[in-house]
Amino acid sequence: MKYYLIALLTLALCLSACAAEPAPVSEPETAPVIAPEPAKAPEKNPEPEGTEELFGALSDNRYENLWFGIGAELEADFSANAAEIPGQGQSVRVLTAAAEGGEWEISVTVSGVGAEATAENYAAAAKTLATAAFEEAGLELTGSAIETLSFAGAEYPALRLAAERVSERGDTLAVYQLTVFIKRGRYIAAVTATTYLEDFTDSLIGGFYALA
């Protein structure tokens, strides 16, 4: 059940890569005259040098991602995905970590987005799709909010969800999820912590640190 739920939520985040893109606007017959804006300085290193920089690297139980400037060290086995760099509208889960007893999971998903996409818009799209994923998994949503969260030394938009399901025997499965969205260049990283029965997602997210 848990892994089915995680797969659905990962799919929701992948789909939000497309949903967060602004709709194309048709050109008017007569374009207005707009004074040109001053040229902006190009972003330093606008593209990652390779998959390791964008996806991050593992060393023992330590994960560090140079592109998004974050790292984490947890008492769990990590696994990494060595997929190709995603294009616009594509997503790939680049990191997964889980407790042996199944009490929690952490994942990092990297998505390719357009230059105009923002982490805030992406979080709003992810909220809609993740809510549908919970319902498809037979869970009733009990809490849903987008907030600004202090994460790895900076402020980022975050999506907080809570849901539960009561079995025929009266047992309750409670699920709590917290996702932080970081955008750099044409890519967004979604760092997600999911816990069961008790909500300690903030503690798991707090295990990430900023890279110098």
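The pLDDT is the predictor's confidence in each residue, on a scale from 0 to 100. For the protein chain of this predicted model, the average pLDDT is 81, and 79% of the residues reach a score of at least 70. One stretch calls for some care: over residues 14-35 the pLDDT is below 50, although in the model this stretch has 26 contacts beyond near neighbours in sequence. Where pLDDT is low, the predicted coordinates should not be read in detail.

Four strands, in the order E1-E2-E3-E11, form an open sheet with antiparallel pairing. Strand E1 (57-59) and strand E11 (208-210) each have a single partner strand and stand at the edges, so one side of each is left without a neighbour in the sheet. From one strand to the next, the twist averages 25°. Inside this arrangement, strand E2 (residues 62-65) and strand E3 (residues 70-73) run antiparallel and are joined by four bridges. Glu 64, for instance, has Gly 71 in E3 as its bridge partner.

Around Phe 151, once neighbours within four places in sequence are left aside, the residues in contact are Ile 70, Tyr 156, Val 180, Ile 182, Val 191, Ile 205 and Phe 208.

Gln 177 belongs to strand E9 (residues 172-184). Its relative accessibility is 6%, and because buried means under 20%, Gln 177 counts as buried. The side chain of Gln 177 makes a polar contact, at 3.0 Å, with the side chain of Thr 194.

Thr 201, in turn, is found in helix H4 (residues 201-205). With a relative accessibility of 1%, Thr 201 also counts as buried. Its side chain makes a polar contact with the side chain of Asp 199 at 2.8 Å. Not counting residues up to four places away in sequence, Thr 201 touches Arg 160, Tyr 176, Gln 177, Leu 178, Ala 193, Thr 194 and Thr 195. The two sites therefore meet: both Gln 177 and its polar partner Thr 194 are among the residues that Thr 201 touches, where contact means heavy atoms within 4.5 Å.

Technical notes. Residues numbered from 1 in each chain as written. Predicted model: local features only at pLDDT ≥ 70, side-chain atom pairs only at ≥ 80, totals over all residues. Heavy atoms only, no water. Pairing = 2+ DSSP bridges. Helix = DSSP H or I, 4+ residues; strand = E, 2+ residues; numbered from the N terminus. Axes fitted to C-alpha atoms, helices over the stretch in contact; angles between N-to-C directions. Buried < 20%, exposed > 50% of the residue type's maximum accessible area, 1.4 Å probe, protein only. Polar contact = N/O pair within 3.5 Å; in protein donor to acceptor, adjacent residues only side chain to side chain.
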